[in-house]
Amino acid sequence: MFNLQFSNLSRKIIHIDMDAFYASVEQRDFADLRGKPIAVGGSSERGVVAAASYEARKFGVRSAMSSRIAKQKCPQLIFVKPRFEVYKQVSNEIREIFLEYTPLVEPLSLDEAYLDVTENLKGIETATEIAQEIKARIKEKTGLTASAGVSVNKFLAKIASDYKKPDGLFVIKPSQAEKFVEELEINQFHGIGRVTAEKMHKMGIFTGRDLKAKSIDFLTNHFGKVGRYYFEIAQGLDNRQVSPDRIRKSIGVENTFDRDFTEPDDLYREIDDIIEQLWRRMSRIKAYGKTITLKIKFADFESITRSRTSQLPVLEEKLLAKISYEMLHALLPMPKGVRLLGIYLSNLEFEDEMLGRQLTLNF
């Protein structure tokens, strides 16, 4: 029996996802790119695709794909350097449109967000009508298209927004949810990646119906804590709130190199540059982290991470560098060439919050 009755069916959640956002902005701003396969990202042998136009996607080009593979799939692919300041400006314009309808906007990235329109500022009766209006307003103001999903929770709204891209609008009503989720292929579930899907396939789990047939004990035994999430989404359950004050969980910098590095001097030089960039970003947002994570991707694309957590936030660049060096040193000598290094800070605390606690303690 489907358990949507345990969810709040009165909620009206919209997920808005801009269509090929970075690439679409470039095609909007430069007429000679329109209708052509383009990739936003580095064109070098070691570059990575940040976004691909729909013309490029027809050839199998996808975000996070290496530029080398992308060019093999689509020899006529045009690479465009990213302009993140422009993308951020357009994203802010879109967010202003969202806020005309509801203060409950949870941005996930520059190009997507959840909106809770259970109660909306314009008194519009249905979430579907609100989604239609928002799509039209985005097109009018930015010249770009967005896809929208409408349902009673975040999971279903996110799935719906992916269903009819580009420029789509899809609604999953409570009465339709059970059949829809049951028939959904497991790799279409938001939160189930390629590796997990392959593991599920080996267990005979190919669709939502197969997943729903598994007990919570089975799923937690095989997938750990995330097994409970899989159990719930198979039932169409998702009681997460739309949080407009969504806290940034981490911030990081990673660099992909033009050639593979194995020598310690090269790696330390690169990590110095990464730390300097990361500290500038942390200083701009006035945030400090307790957990430092070192990420390494080898030439064969195998990735490893190492983390260290301190009791207090890392307040000095020198301390960030010291801990990063120590984690890197523990991995030397490298077993194979390194193509990427990254440093991330998480368990973030913000300066104004820290000052507030100090004032309270000193009262």
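Predicted model: local features only at pLDDT ≥ 70, side-chain atom pairs only at ≥ 80, totals over all residues.

Lys158 counts as buried, because its relative accessibility is 8% and the cut-off for buried is under 20%.

- The side chain of Lys158 meets the side chain of Glu112 in a salt bridge, with a distance of 3.1 Å from N to O.
- This pair links distant parts of the chain, since Glu112 belongs to strand S6 (residues 112-116) while Lys158 belongs to helix H6 (residues 154-163), and the two are 46 residues apart.
- Glu112 has a relative accessibility of 18% and therefore counts as buried, as Lys158 does at 8%.
- As a general point, side chains of opposite charge can pair when their charged atoms come close.

**The pair of Arg209 and Glu182**

- A salt bridge also joins the side chains of Arg209 and Glu182, where the distance from N to O is 3.2 Å.
- Here too the pair links distant parts of the chain, with Arg209 in helix H9 (residues 208-212) and Glu182 in helix H7 (residues 174-183), 27 residues apart.

**A pair within one helix**

- Arg280 forms a salt bridge with Glu276, and the closest N and O atoms of this pair are 3.3 Å apart.
- Both residues lie in helix H12 (residues 264-285), and because they are four residues apart, about one helical turn separates Arg280 from Glu276.
- Arg280 counts as partly exposed at 44% relative accessibility, and Glu276 likewise counts as partly exposed, at 42%.

- How many salt bridges does the structure hold? The total is 24 salt bridges.
- Four residues, namely Glu26, Arg28, Asp29 and Arg83, are linked with one another in a network of salt bridges.

**Domains**

- The domain assignment of the protein gives domain 1 as residues 10-171, domain 2 as residues 173-244 and domain 3 as residues 250-355.
- Between the C-alpha centres of domain 2 and domain 3 there is a distance of 34 Å.

Technical notes: Residues numbered from 1 in each chain as written. Heavy atoms only, no water. Buried < 20%, exposed > 50% of the residue type's maximum accessible area, 1.4 Å probe, protein only. Domains from an automatic or database assignment.
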